[in-house]
Amino acid sequence: MKKARSKRRGNSGQVLVITSLIVVMLLLSTVIYVRETGMDAPVYADASNLSFSSVKQAAIHTVMSALVNVSNGGEPGILAADLNLLKSVIANHSYNAILNMNYTPLTNETYQDGFWTSWGTNGEGVSSVYVNFTLNSSGVSANYYSEYAVNLTSNLAIKGYYTLLTGASKQVNVTCTIYNEGKPALAQNFTVYYEYDGSLSTEEWVQVTSPTTIDYGNGTCFLSFTATTKHRSDPMLVSVHYQDMRGILVLANATCTLS
């Protein structure tokens, strides 16, 4: 999948580094605004809860921005860079309490430095990020503590069938199932490729120019197109690149079944 993947990832990775930083700065501005305006809140308002809520939202969007960046070809280090910036601004804009945020990207048999990207040939793809957070607020009258995790995951599963037409042409139908955090998602942007000679030894991926797309609105999408392979008997290998509503890229490869 080298050629098909690089077309999308290479073009957008550098742009998303800049976009990621812009998004984070906007979120940081929101955090600062909420904290500063909190000084004018009535005495009965829970300023700590207000701050915690705004920081959590900023953390979620920062992590999401990093996943968008990395899934489209950016470097994983963008996650730590953006979160360090967020942490610094939070720590430097406390007015009646010291608010400190710490984070730990998940690393285990699945996640590496907070990221899990699995784009195999079994018809399934996943792009995910997982970060644990702790928030501490120390004030004159009270201390607060909160632990939470941000786990954002986009999944794509594809299954394809094809029928033989004249010559080496084939009618290909692909059913896609898409999820965000385990819930059915709406389709956003699909790019479809098929392998010219049905072999991954050379990877001659051909982009489908105008596939017929039907979104059923329940996490299921139907793609249909005509492909012309090198030989009539060549296997039909397809690669579907899916960008969800948040900009997170997932791809999945599969071998279609002759029907």
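Mentor: Let's start with strands E7 and E11 (residues 237-243), which pair in the antiparallel sense over 6 bridges. Pairing here takes at least two bridges found by DSSP between two strands. The element names come from DSSP runs numbered from the N terminus: helices are H or I runs of at least four residues, and strands are E runs of at least two. E7 also runs antiparallel to strand E8 (residues 205-207), with 3 bridges joining them. Take Tyr-193: its bridge partner in E11 is Ser-239, and its bridge partner in E8 is Gln-207. E7 itself, residues 189-195, is mostly covered, with 6 of its 7 residues buried. Buried means under 20% relative accessible area, exposed means over 50%, and partly exposed is in between, using a 1.4 Å probe and protein chains only.

Before we go on, keep in mind that this is a predicted model: local features need pLDDT of at least 70 and side-chain atom pairs count only at pLDDT 80 or more, while totals for chains, interfaces and linings use all residues. Residues are numbered from 1 along each chain as its sequence is written, and side-chain values use heavy atoms, leaving out hydrogens and water.

Leu-83 is 9.6 Å from Ala-58, C-alpha to C-alpha, though 25 residues separate them in sequence. Ala-58 sits in helix H2 (residues 47-71) and is buried, with a relative accessible area of 3%.

Last stop, the aromatics. Rings of Phe, Tyr and Trp (its six-membered ring) pair if their centres lie within 6.5 Å; planes under 30 degrees apart count as stacked, over 60 as edge-to-face and the rest as tilted. That gives 5 aromatic pairs. One of them is Tyr-111 with Tyr-130, edge-to-face at 5.9 Å centre to centre and 65° between the planes. Tyr-111 lies in the loop between strands E1 (97-105) and E2 (115-119) and Tyr-130 in strand E3 (residues 124-139), so the pair ties together parts 19 residues apart in sequence. Tyr-111 is buried at 8%, whereas Tyr-130 is partly exposed at 24%. Together with Trp-116, the two tyrosines form one aromatic cluster.
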